[in-house]
Amino acid sequence: MNIQAFYEYCLSKKGVTEHFPFDEDTLVFKVGGKMFALSSLNQWEAGKASVNLKCDPEKALELRAEYEAIEPGYHMSKVHWNTVTVNGDVPARLFKELIDHSYELVLKSLTKKLQAEINSL
(Lines give C-alpha, C1' and ligand atoms only; values in the text may rest on other atoms or scores of the structure.)
Protein backbone atom coordinates (compact mmCIF):
# COMPACT_ATOMS: atom_id res chain seq x y z
CA MET A 1 0.00 0.00 0.00
CA ASN A 2 1.23 3.50 -0.74
CA ILE A 3 0.60 6.69 1.23
CA GLN A 4 -2.20 7.84 -1.08
CA ALA A 5 -4.09 4.53 -0.74
CA PHE A 6 -3.64 4.61 3.05
CA TYR A 7 -4.81 8.23 3.21
CA GLU A 8 -7.88 7.61 1.04
CA TYR A 9 -8.81 4.40 2.86
CA CYS A 10 -8.75 6.09 6.27
CA LEU A 11 -10.69 9.13 5.06
CA SER A 12 -13.32 6.93 3.39
CA LYS A 13 -14.63 5.92 6.81
CA LYS A 14 -17.57 7.79 8.33
CA GLY A 15 -16.71 10.78 10.48
CA VAL A 16 -12.94 10.60 9.97
CA THR A 17 -10.83 13.75 10.10
CA GLU A 18 -7.11 14.26 9.56
CA HIS A 19 -4.85 16.24 11.88
CA PHE A 20 -1.24 17.12 12.65
CA PRO A 21 -1.50 17.61 16.44
CA PHE A 22 2.12 16.74 17.31
CA ASP A 23 4.21 18.19 14.48
CA GLU A 24 4.19 18.69 10.70
CA ASP A 25 5.31 15.10 10.10
CA THR A 26 2.87 12.94 12.07
CA LEU A 27 -0.42 12.46 10.22
CA VAL A 28 -3.22 11.47 12.61
CA PHE A 29 -6.66 10.16 11.68
CA LYS A 30 -9.44 10.61 14.22
CA VAL A 31 -13.05 9.60 14.58
CA GLY A 32 -15.15 11.48 17.10
CA GLY A 33 -12.06 13.42 18.14
CA LYS A 34 -10.10 10.28 19.10
CA MET A 35 -7.08 8.84 17.28
CA PHE A 36 -7.31 5.51 15.49
CA ALA A 37 -4.32 5.73 13.11
CA LEU A 38 -1.12 7.74 12.95
CA SER A 39 1.96 7.67 10.76
CA SER A 40 5.10 9.63 9.92
CA LEU A 41 5.02 11.18 6.44
CA ASN A 42 8.83 11.36 6.41
CA GLN A 43 9.03 7.60 6.98
CA TRP A 44 6.71 6.98 4.00
CA GLU A 45 8.98 9.15 1.83
CA ALA A 46 12.05 7.27 3.08
CA GLY A 47 10.48 3.92 2.18
CA LYS A 48 10.18 2.88 5.85
CA ALA A 49 6.46 3.44 6.36
CA SER A 50 4.72 2.23 9.49
CA VAL A 51 1.33 2.96 11.01
CA ASN A 52 0.22 2.92 14.64
CA LEU A 53 -3.18 1.29 15.03
CA LYS A 54 -5.32 0.61 18.08
CA CYS A 55 -5.93 -3.09 18.72
CA ASP A 56 -7.69 -5.38 21.16
CA PRO A 57 -4.97 -6.42 23.67
CA GLU A 58 -5.33 -10.18 23.13
CA LYS A 59 -5.47 -9.84 19.36
CA ALA A 60 -2.43 -7.52 19.50
CA LEU A 61 -0.36 -10.23 21.18
CA GLU A 62 -1.46 -12.86 18.66
CA LEU A 63 -0.61 -10.60 15.71
CA ARG A 64 2.82 -9.72 17.14
CA ALA A 65 3.59 -13.44 17.52
CA GLU A 66 2.53 -14.19 13.95
CA TYR A 67 3.98 -11.25 12.00
CA GLU A 68 7.44 -9.71 12.19
CA ALA A 69 6.03 -6.45 10.81
CA ILE A 70 3.70 -6.00 13.81
CA GLU A 71 5.29 -4.70 16.99
CA PRO A 72 4.13 -2.99 20.19
CA GLY A 73 3.00 0.57 19.47
CA TYR A 74 5.88 3.01 19.07
CA HIS A 75 5.45 5.90 21.55
CA MET A 76 2.00 4.51 22.44
CA SER A 77 0.44 2.21 25.02
CA LYS A 78 2.06 -1.16 24.27
CA VAL A 79 -1.10 -2.90 25.46
CA HIS A 80 -3.59 -1.17 23.16
CA TRP A 81 -1.53 -0.12 20.13
CA ASN A 82 0.49 -1.88 17.45
CA THR A 83 2.98 -0.44 15.00
CA VAL A 84 2.54 -2.12 11.63
CA THR A 85 5.36 -1.87 9.10
CA VAL A 86 3.71 -1.21 5.76
CA ASN A 87 4.47 -3.66 2.95
CA GLY A 88 6.21 -6.03 5.38
CA ASP A 89 4.96 -9.57 5.95
CA VAL A 90 1.40 -8.36 6.66
CA PRO A 91 -0.87 -9.04 3.67
CA ALA A 92 -2.60 -5.95 2.22
CA ARG A 93 -6.03 -7.36 3.06
CA LEU A 94 -5.04 -7.85 6.71
CA PHE A 95 -3.55 -4.35 6.87
CA LYS A 96 -6.95 -2.93 5.82
CA GLU A 97 -8.67 -5.17 8.37
CA LEU A 98 -6.37 -3.80 11.09
CA ILE A 99 -7.27 -0.24 10.09
CA ASP A 100 -10.95 -1.23 10.24
CA HIS A 101 -10.45 -2.87 13.64
CA SER A 102 -8.76 0.24 15.03
CA TYR A 103 -11.52 2.48 13.68
CA GLU A 104 -14.26 0.25 15.13
CA LEU A 105 -12.60 0.07 18.56
CA VAL A 106 -12.42 3.85 18.77
CA LEU A 107 -15.93 4.32 17.39
CA LYS A 108 -17.34 1.91 20.00
CA SER A 109 -15.58 3.86 22.78
CA LEU A 110 -17.50 7.04 21.92
CA THR A 111 -20.77 8.06 23.52
CA LYS A 112 -23.93 6.51 22.04
CA LYS A 113 -25.01 9.97 20.91
CA LEU A 114 -21.74 10.61 19.05
CA GLN A 115 -21.80 7.12 17.54
CA ALA A 116 -25.33 7.78 16.23
CA GLU A 117 -24.25 11.12 14.74
CA ILE A 118 -21.29 9.50 12.96
CA ASN A 119 -23.32 6.52 11.74
CA SER A 120 -25.94 8.87 10.26
CA LEU A 121 -23.35 10.59 8.01
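**Exercise 1. Is Asn-52 buried or exposed, and what does Asn-52 touch?**

Solution. Start with accessibility. Asn-52 has a relative accessible area of 6%, so the residue is buried (under 20%; exposed is over 50%, partly exposed in between, 1.4 Å probe, protein chains only). The model is predicted: local features need pLDDT of at least 70, side-chain atom pairs count only at pLDDT 80 or more, and totals for chains, interfaces and linings use all residues. Residues are numbered from 1 along each chain as its sequence is written, and side-chain values use heavy atoms, without hydrogens and water.

Asn-52 lies in strand β4, residues 50-54 (strands are DSSP runs of E, at least two residues; helices are H or I, at least four; both are numbered from the N terminus).

Then list contacts (heavy atoms within 4.5 Å). Ala-37 is 15 residues away in sequence, yet 5.6 Å away C-alpha to C-alpha.

**Exercise 2. Which residues make the contact of α1 with α4?**

Solution. Take the geometry first. Helix α1 (residues 3-11) packs on helix α4 (residues 92-109) at about 35°, axes 11 Å apart (axes are lines fitted to C-alpha atoms over the stretch in contact; angles run from 0 to 180 degrees between N-to-C directions). Now the residues. α1 supplies Phe-6, Tyr-9 and Cys-10; α4 supplies Phe-95, Lys-96, Ile-99 and Asp-100.

**Exercise 3. Which residue in β2 is the bridge partner of His-19?**

Solution. The partner is Val-28. β1 and β2 form a hairpin with 6 residues between them.

Terms used. Pairing = 2+ DSSP bridges.
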